[in-house]
Amino acid sequence: MKRKITGLTLSALLFALCVPVWAQQPKKISRMGFVSARADPTPATPDSSADALRQGLRNLGYIEGKNLVVEYRYFEGKVDRIPGIVAELLRLQLDVLVSVNTLAIRAFKQESKTIPIVINDDPVTTGIVDSLARPGGNVTGLTRFTRELSGKRLELLKEAVPKISRVGVLDDASTDIRASFQDFEPAARALKIQLQALEVRGPNPDFVGAFQAAARGRANGLITVRTALLISYRKQIADLVIKNRLASMSEGGDFVEAGGLMSYSSSDAEIFRRAAAYVDKILKGAKPADLPVEQPTKFEFVINLKTAKQIGLTIPPNVLARADNVIR
């Protein structure tokens with residue numbers, strides 16, 4: 001028996017035949033690069049910054065292996081690896097790059113004026129962008145206010161250790177992206193603290209020599225500047241801080257997790273989660289030059305009580321009460 005095919009039935013049939021075709025259309029898979037000065041993460045030493053970025057991306061619907069491929073590269077503070085990483089990632093035709101390291105960003109900018117770059121550092125201070133409101137070029141992101149917080153770090157160190165009188169500033173002399181004593185001097189004068197320059201140089205920094213110089217200068221406190229080289233040696237620095245019984249302040253919580261005494265900085269977790277929004281906008285067509293650089297909104301004061309005990313220091317209760325994170 002023949003069945004009459006009506007217009008409605010024919011439309012339904014055509015729709016049923018077309019659905020599988022549409023379902024087979026592949027969705028675009030974006031490719032993102034992620035470059036860090038840290039060592040490769042392990043279960044014992046995970047990369048909390050990358051974890052925060054992944055969480056931010058998941059909240060926006062990006063799933064690695066489904067609609068996003070992430071190329072992770074770590075150079076362990078060895079800046080001679082940067083050119084090779086840049087060349088390798090540029091060959092992969094990234095849709096966007098995320099990095100917290102200024103040296104790596106400079107290298108990418110030199111090789112490409114088009115790849116969108118999201119930086120989580122101090123792009124104005126280091127000359128990476130023109131201004132916060134109008135970054136220009138192919139770079140935007142968030143600033144950490146690393147240098148702007150220098151005086152606050154000295155104040156907190158003095159509050160935690162009222163008898164402190166001479167503070168060494170450990171810096172990397174092998175890079176031009178360095179802290180200036182000018183950042184610390186106003187607070188040092190107000191607090192009657194003398195500053196002592198302690199410099200090391202990569203690729204083989206002499207930390208033992210730097211701490212010996214601190215001892216000769218009778219330093220009873222130490223501030224560690226956040227550079228790619230010093231980040232990669234943060235455990236060795238922390239061990240020497242404890243051995244020399246120095247009250248220490250650093251520019252990031254990762255130094256405290258490695259055994260440093262204290263840190264005061266913008267929240268890395270918050271900054272990297274917010275960086276995901278920049279990635280999302282860029283992947284949807286926004287230009288970095290049109291996205292103003294944002295300032296941090298959350299700051300973290302971290303104290304390691306285990307280290308305090310090891311160096312024979314008691315943190316005053318009023319200082320301890322202000323800590324956002326206490327490692328016990």
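Student: How many aromatic pairs does a search of the whole structure find?

Tutor: Five aromatic pairs turn up in that search. A pair here means rings of Phe, Tyr or Trp (its six-membered ring) with centres within 6.5 Å; planes under 30 degrees apart are stacked, over 60 edge-to-face, and the rest tilted. Keep in mind that this is a predicted model, where local features need pLDDT of at least 70, side-chain atom pairs count only at pLDDT 80 or more, and totals for chains, interfaces and linings use all residues. Residues are numbered from 1 along each chain as its sequence is written, and side-chain values use heavy atoms, with hydrogens and water left out.

Student: What makes Phe34 and Tyr72 an edge-to-face pair?

Tutor: Their centres are 5.8 Å apart and their planes make 65 degrees.

Student: How do you know whether Phe34 is buried or exposed?

Tutor: Buried means under 20% relative accessible area, exposed over 50%, and partly exposed in between (1.4 Å probe, protein chains only). Phe34 has 3%, so Phe34 is buried. Tyr72, at 23%, counts as partly exposed.

Student: Why are Tyr264 and Phe299 called stacked?

Tutor: The angle between their planes is 20 degrees and the centres are 6.3 Å apart. That is under 30 degrees and within 6.5 Å, so the pair is stacked. Tyr264 lies in strand 10 (residues 262-266) and Phe299 in strand 11 (residues 299-304), so parts 35 residues apart in sequence are tied together. Tyr264 is buried at 15%, while Phe299 is partly exposed at 26%.

Student: What makes the phi of Glu76 worth a look?

Tutor: Most residues other than glycine have a negative phi, and most peptide bonds are trans. Glu76 isn't a glycine, yet its phi is positive, about 55 degrees. Glu76 lies in the loop between strand 2 and helix 3 (82-91).

Student: Which residues does a cis peptide bond join?

Tutor: Gly202 and Pro203, with omega about 10 degrees. Pro203 is in the loop between strand 7 (194-200) and helix 7 (207-216).

Notes: Helices (H or I, at least four residues) and strands (E, at least two) are DSSP runs, numbered from the N terminus.
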